[in-house]
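Keep the sequence and the 3D view side by side as you go.

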Amino acid sequence: MIHLMEKFVKRPVITLIILAVITGFFFMQMKSKSQMETNLDKYMPQDHPAFIFSDQAEEWFDIKDGII
């Protein structure tokens, strides 16, 4: 293990390049598989009184936004 660490310390440019390639690989994997969820209604309990009232208010006032 010490021998391997000595190789990394003696060649910092190669070590940085290897780390940049590994980081780039993981970034591309994360970018292709991640998504942003903007509809939070599916995470809320549908039988909670506050959310029932919120749904009614959206219907009554024809609200299309996610913010009331």
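**Exercise 1.** Leaving aside its neighbours within four places in sequence, which residues is I52 in contact with?

*Solution.* Start with the ground rules. Residues are numbered from 1 along each chain as its sequence is written, and side-chain values use heavy atoms, with hydrogens and water left out. This is a predicted model, where local features need pLDDT of at least 70 and side-chain atom pairs count only at pLDDT 80 or more, while totals for chains, interfaces and linings use all residues. Contact means heavy atoms within 4.5 Å. With those neighbours set aside, I52 touches Q46 and D47.

**Exercise 2.** Decide why I52 counts as partly exposed.

*Solution.* Recall the cut-offs: buried is under 20% relative accessible area, exposed is over 50%, and partly exposed is in between (1.4 Å probe, protein chains only). I52 has 38% relative accessibility, so it counts as partly exposed.

**Exercise 3.** Compare the span of α3 with the expected one.

*Solution.* Helix α3 covers residues 49-60, which is 12 residues. The expected span is 1.5 Å times one less than the number of residues. From first C-alpha to last, α3 reaches 16 Å, close to the 16 Å expected. Just after α3, D62 takes a positive phi of about 55 degrees.

**Exercise 4.** Find the elements with the lowest and highest mean pLDDT.

*Solution.* pLDDT is the predictor's confidence in each residue, from 0 to 100. The protein chain averages 85, and 96% of the residues score at least 70. Among its elements, α1 has the lowest mean (85) and α2 the highest (94).

How values were computed: Helices (H or I, at least four residues) and strands (E, at least two) are DSSP runs, numbered from the N terminus.
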